[in-house]
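Please open the model in your viewer and keep the selection panel at hand.

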Amino acid sequence: MKLDLTKYGYNPKELNTYLILLSAPVLLSVYYYFGYSHFYMQTFVKDLLESPLGEFNSRIYQFVSFFILMFVLPAVFLKPRIGMSFTELGMGLGDKKFGFKLVAIILPILIPVMYFATNAPDIIAEYPLSKTLYQRPDLVFPYELAYILFYYIAWEFYFRGFLLFSLERKFGGINAILIQTISSCLIHIGKPAGETIGSIIVGVIFGYLALRTRSIWYVLILHVAIGVSTDLYVLFFHGVAR
């Protein structure tokens with residue numbers, strides 16, 4: 001019995017589009033089961049007393065794993081198939097005038113707002129991801145640097161760069177924004193409810209801003225500001241009683 005997929009809409013010329021769409025559940029599933037800190041802890045850390053930095057290292061492992069899965073693999077194996085340059089995938093500066101003005105307006109508002117937004121029990125319990133930082137404040141800087149370089153850059157490259165701009169050509173801007181929002185929201189499942197719901201709103205807004213500026217860098221700055229300020233506010237203000 002011959003399997004005829006064409007009657008279901010299969011088009012061999014659209015193979016690259018299928019691979020792009022399929023990359024999201026595949027890469028995110030691998031990340032969840034083998035890239036998260038719990039995999040590192042179960043595999044490499046048998047006793048925290050013998051490995052006092054095991055929990056901290058597990059988070060660095062998580063960030064690096066995310067970078068490999070969501071930046072390196074798409075860039076090396078999928079990007080060449082779709083015939084788009086890194087600039088076309090949002091890695092250039094795009095509309096600099098609008099982008100820098102956007103950051104200059106939103107950032108001064110965002111930073112103080114995050115102080116109040118992070119003063120919630122579920123956020124305080126969740127962040128920073130590495131609880132070792134409470135005992136080792138000297139590790140805050142390398143932790144946040146790794147967070148930005150490996151996690152946030154990979155996040156914006158994949159969702160608001162690779163996924164968004166490659167799918168825009170096929171499905172249009174609105175549909176591409178919604179697809180990347182659905183995909184990025186999946187990572188937030190299990191996080192505090194406000195954060196998960198907020199990720200849908202932010203996903204749509206940041207997706208639009210990435211398309212408007214034709215760049216990931218402006219939304220990256222805003223995303224980093226949200227994440228890093230959350231850690232620092234919880235660590236040094238809201239969570240001091242831990």
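Predicted model: local features only at pLDDT ≥ 70, side-chain atom pairs only at ≥ 80, totals over all residues.

Select His-188, Glu-195, Val-202, His-223 and Ile-226, the residues that lie nearest the centre of the pocket, whose lining comprises 36 residues. The elements that contribute two or more residues to this lining are helix H3 (54-82), helix H5 (96-117), helix H7 (140-171), helix H9 (193-213) and helix H10 (217-238).

Next, display the pocket itself, which has a volume of about 780 Å³. Colouring the lining residues by class gives 22 nonpolar, 11 polar and 3 charged residues.

Now select H7, residues 140-171, one of the helices that give two or more residues to the lining. Where along H7 is the kink centred? Centre the view on Leu-164: the kink is centred there and amounts to about 35°.

Finally, select Thr-17, which is placed in helix H1 (residues 15-35). Is Thr-17 buried or exposed? Thr-17 counts as buried because its relative accessibility is 12%, below the 20% cut-off. Show its surroundings as well: leaving aside residues up to four places away in sequence, Thr-17 touches Leu-167, Lys-170 and Phe-171. Keep H7 displayed for this step, as the helix spans residues 140-171.

Technical notes
Residues numbered from 1 in each chain as written. Heavy atoms only, no water. 1 Å grid on protein atoms, 1.4 Å probe; cavity = no way out; pocket = protein on both sides within 12 Å on 5 of 7 lines; lining within 4 Å. Points joined across faces, edges and corners; volume = space filled by probe spheres on them. Helix = DSSP H or I, 4+ residues; strand = E, 2+ residues; numbered from the N terminus. Nonpolar A, V, L, I, M, F, W, Y, C, P; charged D, E, K, R; others polar. Bend = angle between axes of the 7 residues up to and from the residue. Buried < 20%, exposed > 50% of the residue type's maximum accessible area, 1.4 Å probe, protein only. Contact = heavy atoms within 4.5 Å.
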